[in-house]
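User: I would like to learn how to read strands and helices in a model like this one. Could you take me through it step by step?

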Amino acid sequence: MAKDVNIAVIYYSATGNVHSLAEALAEGAVKAGAHVRVHRVPELAPDTAIDANPDWRAHVDRTRETVPEARLDDLAWADAYAFGTPTRFGMVSAQLKQFLDQAGGLWLNGVLTDKPATAFTSSINRHGGQETTLVSLFNLFSHWGSIIVPPGYTDPVLYEAGGNPYGVSWPTGQPPELPDDQTLRAAQYQGQRLAEITQRLRPKEESTR
(Lines give C-alpha, C1' and ligand atoms only; values in the text may rest on other atoms or scores of the structure.)
Protein backbone atom coordinates (compact mmCIF):
# COMPACT_ATOMS: atom_id res chain seq x y z
CA MET A 1 0.00 0.00 0.00
CA ALA A 2 1.22 3.47 -0.90
CA LYS A 3 0.75 4.95 2.58
CA ASP A 4 1.64 8.62 3.14
CA VAL A 5 2.12 9.19 -0.60
CA ASN A 6 0.66 12.44 -2.00
CA ILE A 7 -0.33 12.50 -5.66
CA ALA A 8 -1.54 15.55 -7.59
CA VAL A 9 -3.72 14.79 -10.61
CA ILE A 10 -3.73 18.05 -12.55
CA TYR A 11 -5.55 18.33 -15.85
CA TYR A 12 -7.40 20.40 -18.40
CA SER A 13 -10.62 19.15 -19.95
CA ALA A 14 -12.95 21.00 -22.29
CA THR A 15 -15.92 18.66 -22.68
CA GLY A 16 -15.21 16.06 -20.01
CA ASN A 17 -13.17 13.25 -21.56
CA VAL A 18 -9.89 14.08 -19.82
CA HIS A 19 -11.86 14.83 -16.65
CA SER A 20 -13.21 11.27 -16.68
CA LEU A 21 -9.70 9.87 -17.13
CA ALA A 22 -8.42 12.06 -14.28
CA GLU A 23 -11.10 10.77 -11.92
CA ALA A 24 -10.37 7.15 -12.85
CA LEU A 25 -6.62 7.60 -12.42
CA ALA A 26 -7.20 9.21 -9.02
CA GLU A 27 -9.45 6.33 -8.02
CA GLY A 28 -6.69 3.85 -8.77
CA ALA A 29 -4.17 5.83 -6.74
CA VAL A 30 -6.57 6.09 -3.79
CA LYS A 31 -7.21 2.34 -3.87
CA ALA A 32 -3.44 1.88 -3.66
CA GLY A 33 -3.44 3.96 -0.47
CA ALA A 34 -2.33 7.36 -1.73
CA HIS A 35 -3.65 10.77 -0.77
CA VAL A 36 -4.86 12.40 -3.98
CA ARG A 37 -5.82 15.88 -5.15
CA VAL A 38 -7.72 16.13 -8.44
CA HIS A 39 -7.50 19.74 -9.62
CA ARG A 40 -8.26 21.43 -12.94
CA VAL A 41 -6.16 24.21 -14.42
CA PRO A 42 -7.90 27.53 -15.18
CA GLU A 43 -9.87 27.92 -18.39
CA LEU A 44 -8.37 30.43 -20.84
CA ALA A 45 -10.91 30.32 -23.66
CA PRO A 46 -13.41 33.19 -23.97
CA ASP A 47 -17.07 32.60 -23.23
CA THR A 48 -17.91 33.09 -26.90
CA ALA A 49 -15.88 30.00 -27.79
CA ILE A 50 -17.23 27.95 -24.88
CA ASP A 51 -20.84 28.90 -25.61
CA ALA A 52 -20.46 27.75 -29.22
CA ASN A 53 -20.11 24.16 -27.99
CA PRO A 54 -22.92 23.02 -25.65
CA ASP A 55 -20.83 20.12 -24.28
CA TRP A 56 -17.99 22.50 -23.45
CA ARG A 57 -20.32 24.94 -21.69
CA ALA A 58 -21.99 22.13 -19.76
CA HIS A 59 -18.68 20.75 -18.54
CA VAL A 60 -17.35 24.17 -17.50
CA ASP A 61 -20.51 24.87 -15.52
CA ARG A 62 -20.58 21.40 -13.97
CA THR A 63 -17.00 21.49 -12.67
CA ARG A 64 -16.71 25.16 -11.71
CA GLU A 65 -17.83 24.54 -8.12
CA THR A 66 -17.01 20.84 -7.78
CA VAL A 67 -13.36 20.63 -8.93
CA PRO A 68 -10.84 23.02 -7.32
CA GLU A 69 -8.48 25.00 -9.54
CA ALA A 70 -4.88 23.82 -9.51
CA ARG A 71 -2.28 25.93 -7.73
CA LEU A 72 1.49 25.77 -7.58
CA ASP A 73 1.09 24.70 -3.96
CA ASP A 74 -0.28 21.41 -5.31
CA LEU A 75 3.06 20.73 -6.97
CA ALA A 76 4.95 21.45 -3.76
CA TRP A 77 2.56 19.24 -1.75
CA ALA A 78 2.72 16.22 -4.04
CA ASP A 79 5.23 13.38 -4.06
CA ALA A 80 4.17 12.47 -7.60
CA TYR A 81 2.26 13.96 -10.52
CA ALA A 82 -0.25 12.89 -13.15
CA PHE A 83 -0.95 15.46 -15.85
CA GLY A 84 -3.85 15.20 -18.29
CA THR A 85 -4.66 17.23 -21.38
CA PRO A 86 -6.56 17.06 -24.63
CA THR A 87 -4.33 16.75 -27.67
CA ARG A 88 -4.03 20.05 -29.50
CA PHE A 89 -2.39 19.47 -32.90
CA GLY A 90 -0.16 16.84 -31.29
CA MET A 91 0.75 19.08 -28.37
CA VAL A 92 -0.38 20.00 -24.86
CA SER A 93 -3.37 22.33 -24.50
CA ALA A 94 -2.66 26.01 -23.88
CA GLN A 95 -4.48 25.83 -20.55
CA LEU A 96 -2.22 23.14 -19.08
CA LYS A 97 0.88 24.65 -20.71
CA GLN A 98 0.29 28.00 -19.03
CA PHE A 99 0.02 26.34 -15.63
CA LEU A 100 3.22 24.36 -16.17
CA ASP A 101 5.06 27.47 -17.36
CA GLN A 102 4.42 29.06 -13.98
CA ALA A 103 6.37 26.34 -12.16
CA GLY A 104 9.77 27.85 -12.94
CA GLY A 105 10.38 28.98 -9.38
CA LEU A 106 9.68 25.52 -7.98
CA TRP A 107 11.95 23.99 -10.61
CA LEU A 108 14.74 26.46 -9.80
CA ASN A 109 14.57 25.53 -6.12
CA GLY A 110 14.60 21.79 -6.79
CA VAL A 111 11.08 21.20 -5.49
CA LEU A 112 10.12 19.10 -8.53
CA THR A 113 13.26 16.98 -8.65
CA ASP A 114 13.11 13.19 -8.32
CA LYS A 115 9.31 13.05 -8.20
CA PRO A 116 7.58 10.37 -10.31
CA ALA A 117 5.32 11.72 -13.06
CA THR A 118 2.91 10.26 -15.61
CA ALA A 119 0.55 11.62 -18.27
CA PHE A 120 -2.73 10.91 -20.07
CA THR A 121 -4.63 12.45 -22.96
CA SER A 122 -7.58 12.35 -25.35
CA SER A 123 -8.25 13.37 -28.95
CA ILE A 124 -10.94 12.82 -31.57
CA ASN A 125 -8.85 10.34 -33.58
CA ARG A 126 -6.68 7.51 -32.31
CA HIS A 127 -3.84 8.82 -34.47
CA GLY A 128 -4.57 12.47 -33.76
CA GLY A 129 -1.31 13.17 -31.96
CA GLN A 130 -1.91 11.37 -28.67
CA GLU A 131 1.57 9.89 -28.40
CA THR A 132 3.38 13.11 -29.32
CA THR A 133 1.33 14.96 -26.71
CA LEU A 134 2.39 12.51 -24.02
CA VAL A 135 6.03 12.56 -25.10
CA SER A 136 6.00 16.37 -25.02
CA LEU A 137 5.11 16.10 -21.34
CA PHE A 138 7.98 13.64 -20.92
CA ASN A 139 10.26 16.42 -22.20
CA LEU A 140 8.98 18.62 -19.40
CA PHE A 141 9.53 15.85 -16.84
CA SER A 142 13.12 15.52 -18.04
CA HIS A 143 13.76 19.23 -17.48
CA TRP A 144 12.25 18.98 -14.02
CA GLY A 145 14.44 15.99 -13.17
CA SER A 146 11.32 13.92 -12.57
CA ILE A 147 11.12 10.15 -12.87
CA ILE A 148 8.92 9.26 -15.85
CA VAL A 149 6.41 6.52 -15.03
CA PRO A 150 4.64 5.32 -18.18
CA PRO A 151 2.19 2.42 -17.95
CA GLY A 152 4.18 0.50 -20.56
CA TYR A 153 2.82 -2.96 -21.28
CA THR A 154 2.77 -4.04 -17.66
CA ASP A 155 -0.82 -5.27 -17.41
CA PRO A 156 -3.30 -6.87 -19.86
CA VAL A 157 -5.78 -4.04 -19.27
CA LEU A 158 -3.51 -1.74 -21.27
CA TYR A 159 -3.89 -3.88 -24.39
CA GLU A 160 -7.67 -3.87 -23.95
CA ALA A 161 -7.58 -0.05 -23.84
CA GLY A 162 -5.71 0.38 -27.12
CA GLY A 163 -2.15 -0.44 -26.12
CA ASN A 164 -0.59 3.00 -25.67
CA PRO A 165 2.58 2.43 -23.58
CA TYR A 166 3.19 6.15 -23.01
CA GLY A 167 -0.02 6.81 -21.08
CA VAL A 168 -3.73 6.12 -21.21
CA SER A 169 -5.34 7.84 -24.20
CA TRP A 170 -8.90 7.96 -25.46
CA PRO A 171 -10.09 8.57 -29.03
CA THR A 172 -13.49 10.19 -28.62
CA GLY A 173 -14.71 9.71 -32.17
CA GLN A 174 -17.17 12.06 -33.87
CA PRO A 175 -19.69 12.65 -32.40
CA PRO A 176 -17.59 12.35 -29.24
CA GLU A 177 -18.14 9.66 -26.64
CA LEU A 178 -16.83 9.53 -23.07
CA PRO A 179 -14.11 6.94 -22.25
CA ASP A 180 -15.27 3.34 -22.28
CA ASP A 181 -14.89 0.89 -19.40
CA GLN A 182 -11.63 -0.61 -20.68
CA THR A 183 -10.00 2.82 -20.90
CA LEU A 184 -11.20 3.82 -17.44
CA ARG A 185 -9.80 0.59 -16.01
CA ALA A 186 -6.49 1.32 -17.69
CA ALA A 187 -6.51 4.81 -16.15
CA GLN A 188 -7.19 3.30 -12.74
CA TYR A 189 -4.26 0.97 -13.25
CA GLN A 190 -2.02 3.88 -14.28
CA GLY A 191 -2.90 5.68 -11.05
CA GLN A 192 -2.26 2.57 -9.00
CA ARG A 193 1.09 2.04 -10.70
CA LEU A 194 2.13 5.65 -10.07
CA ALA A 195 1.24 5.37 -6.38
CA GLU A 196 3.03 2.06 -5.90
CA ILE A 197 6.21 3.18 -7.67
CA THR A 198 6.21 6.44 -5.69
CA GLN A 199 6.03 4.43 -2.47
CA ARG A 200 8.86 2.15 -3.56
CA LEU A 201 11.09 5.12 -4.38
CA ARG A 202 10.65 6.84 -1.04
CA PRO A 203 13.52 6.61 1.47
CA LYS A 204 12.98 3.73 3.90
CA GLU A 205 12.82 6.01 6.93
CA GLU A 206 9.95 7.92 5.29
CA SER A 207 8.04 4.90 3.98
CA THR A 208 7.98 3.25 7.41
CA ARG A 209 6.68 6.23 9.37
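Analyst: Strand β3 (residues 80–88) is mostly covered, since eight of its nine residues are buried, where buried means under 20% relative accessible area, exposed over 50%, and partly exposed in between (1.4 Å probe, protein chains only). Helices (H or I, at least four residues) and strands (E, at least two) are DSSP runs, numbered from the N terminus. This is a predicted model, in which local features need pLDDT of at least 70 and side-chain atom pairs count only at pLDDT 80 or more, while totals for chains, interfaces and linings use all residues. Residues are numbered from 1 along each chain as its sequence is written, and side-chain values use heavy atoms, with hydrogens and water left out.

User: Which strands pair with β3 in the parallel sense, and over how many bridges?

Analyst: Two strands pair if DSSP finds at least two bridges between them. Strand β1 (residues 6–11) pairs with β3 in the parallel sense over five bridges, and Y11 stands opposite G84. Strand β5 (residues 116–123) also runs parallel to β3, joined by six bridges, with T118 as the bridge partner of A82.

User: Where do the buried residues of α7 lie around its axis?

Analyst: The buried residues of α7 are Q130, T133, L134, L137, F138, L140, F141 and W144. They cover an arc of only 155° around the axis, which puts them on the same side of α7; the arc is that of the directions from the helix axis to the C-beta atoms. The face turned away from that buried side carries the exposed residues S142 and H143.
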